[in-house]
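Student: I have a new structure open and would like to learn how to read it. Could we go through some features together?
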Amino acid sequence: MQPSLGYRLDLSLFTELRNDESWSFRGLTQKDTNYLTHCYHRYPAKFIPQLARRVIEENTSIDDVVLDPFCGSGSAVLEGLLSGRVAYGSDINPLGYLITKAKTTPINPSVLEKSIEYLFSSLKYYRKASTDNLPKGIHSWFPERVIPELNTILRAINFDDNDVKTFFLCAFSQILKACSYWSMYSIKPYREPDKFAKTEPKPIEIFRRHVLKMQARNEELYNILLDIEGFNSRKSIEISDAKRLPIKDKTISLVATSPPYVTSYEYADIHQLTLMWLGNLFPSEQIRRIFIGSMSRKETRSELLSYMAHDVITNLSKNDEGLGRSVSAYFSDMQECFKEMLRVLEPSGRIAIVIGNTKLRGVEICNAQVFVEMFVNMGLSLKKVISREVPSKYLPSTRDPATGKFVSARSLNKILAYPHEYILVFET
Ligand SMILES: C[S@@+](CC[C@H](N)C(=O)[O-])C[C@H]1O[C@@H](n2cnc3c(N)ncnc32)[C@H](O)[C@@H]1O
């Protein structure tokens, strides 16, 4: 017999829902979504900035405080700042922290200009830099000739000014994929041995091109944000587990976030090129176990406040016990994060979650329905559910119907993962 868990969702709420075309952002090009500093660095499952902006503007007023506790590359943080809100972002991933910092910290254009000149004049005299003490695993990912050149760039990024250093490290991290055997078509670590059969990459050239693009965007952002008084004190970016936010009081007007998906990305693998080169950014290998949604998480720490969660886990465990435990751990982790969001939410605050459902081993994983039951059982009310189609150009990848694992979007035998998703808005 199931325990009494309180509120049980009326499923017709979701089955009768139609997609809201105005939230599909179908007409946007890659150029539109990569505007301003959004182009600095790729990141898996990035927010469409225009979506983040609309969620923020519809649910807050100027000067309100917006938090994204799974901020990844900081799309919502930047959009919060651009729309005149105070914006906090945190993520467990130090690469997310680096990108978010770079994206939201415009540098005085003349300071940046001088730093760029200085950096590239030192790279002009590039001679083979030492390849001693290179990180393990590097030789299988990078052509031999490319390694010393990358090493030279990294050593040259030696600035006292932290903002300038962050800017260049972000550029460096972004070019690693193009300089490696990692397939440009794959988010996951898929090695393409013939990638450089015709020409080898020229890291300094690739780095220069990206830095110059970033320089132009920095100047645009600088000019926009100059008008916002005290701009730098209007943001806070931290490396933090969403289960223990570095916020003391109930100060958050809106939590706007898109959480990690269950068993989808192993972030520690996806970012391994950056991890190899900027290893000191990543505190320890332990981090893999803190990433929510990782297959290595198996522990369910408290009673799940959702009937739907119990049904999903029971059905899944019949087919695959290990996967059942991972999904249970995921729901348990998310429940802890939701409690933490409530702890920091101001009395009239709102929470907006962007999440999709998926199928694993033939079982529908109803994340959205589970999250609704959890939040309502924690005392919030559901203000709005929006169903949006995710146009295929925004789909990062697909799931293999047999294993449920994410596979390259180009592979055969695929089903679409997250062909639509939900925006759930809760209020206190
Ligand atoms: C869907 S992504 C967010 C992407 C983001 N909206 C953007 O625009 O780049 C989910 C994020 O959750 C983060 N994450 C996973 N486990 C976490 C945890 N325990 N605490 C905080 N962040 C975590 C991942 O590092 C990842 O950046």
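Student: Is Arg361 buried or exposed, or something in between, and how many C-beta neighbours does Arg361 have inside 10 Å?

Tutor: Before we start, keep in mind that this is a predicted model. Arg361 has 17 C-beta neighbours inside 10 Å, so Arg361 counts as partly exposed. A residue needs 20 or more to be called buried, and 12 or fewer to be called exposed.

Student: Where does Arg361 lie, and what is its phi?

Tutor: Most residues other than glycine have a negative phi. Arg361 is not a glycine, and yet its phi is positive, at about 50°. You will find Arg361 in the loop between β6 (358–360) and β7 (363–365). Now look at Phe25, which is not a glycine and has a positive phi of about 55°. Phe25 sits in the loop between α1 (12–15) and α2 (30–33), and with 19 C-beta neighbours inside 10 Å it counts as partly exposed.

Student: Let's move to the sheet. What is the order of its strands?

Tutor: The order is β3-β2-β1-β4-β5-β12-β8, which makes an open sheet of seven strands with mixed pairing. At the edges stand β3 and β8 (381–389); each has a single partner strand, so one side of each has no neighbour in the sheet. From one strand to the next, the twist averages 15°.

Student: Which way do the side chains of β1 point?

Tutor: In a regular strand the side chains alternate between the two faces of the sheet. In β1 (residues 65–68), Val65 and Leu67 point one way while Val66 and Asp68 point the other way, and all are buried.

Student: Which strands pair with β1, and in what sense?

Tutor: On one hand there is β2 (residues 86–91), which pairs with β1 in the parallel sense over four bridges. Here Val66 has Ala87 of β2 as its bridge partner. To get from β1 to β2 the chain passes through helix α4 (residues 75–82), and this β-α-β crossover is right-handed. On the other hand there is β4 (residues 252–257), which runs parallel to β1 and is joined to it by two bridges. In β4, Val66 has Leu254 as its bridge partner.

Student: How many bridges join β4 to β5?

Tutor: Five bridges join β4 to β5 (residues 345–356), again in the parallel sense. One place to look is Ala256, whose bridge partner in β5 is Ala352. Helix α15 (residues 321–344) packs on the sheet here, touching β4 and β5, and its direction makes about 150° with that of β5.

Student: How do I read the packing of two helices, such as α4 and α5?

Tutor: Start with the distance and the angle between their axes. For α4 and α5 (residues 94–104), the axes come within 9 Å and cross at roughly 20°. That angle makes α4 roughly parallel to α5, because angles under 35 degrees count that way. The residues in contact are Val77, Leu78 and Leu81 of α4 with Thr100, Lys103 and Thr104 of α5. The crossing itself is right-handed.

Student: Which residues does Arg234 touch?

Tutor: Leaving aside residues up to four places away in sequence, Arg234 touches Leu81, Val86, Ala87 and Ile228. Arg234 is found in the loop between α10 (203–225) and β3 (235–239), and it is partly exposed, with 19 other C-beta atoms within 10 Å.

Note on methods:
Residues numbered from 1 in each chain as written. Predicted model: local features only at pLDDT ≥ 70, side-chain atom pairs only at ≥ 80, totals over all residues. Pairing = 2+ DSSP bridges. Right-handed = clockwise from strand over helix to strand, strands pointing away. Axes fitted to C-alpha atoms, helices over the stretch in contact; angles between N-to-C directions. Parallel < 35°, antiparallel > 145°, perpendicular 65-115°, else oblique. Left-handed = near helix turned anticlockwise from the far one by under 90°. Contact = placed C-beta atoms within 7 Å.
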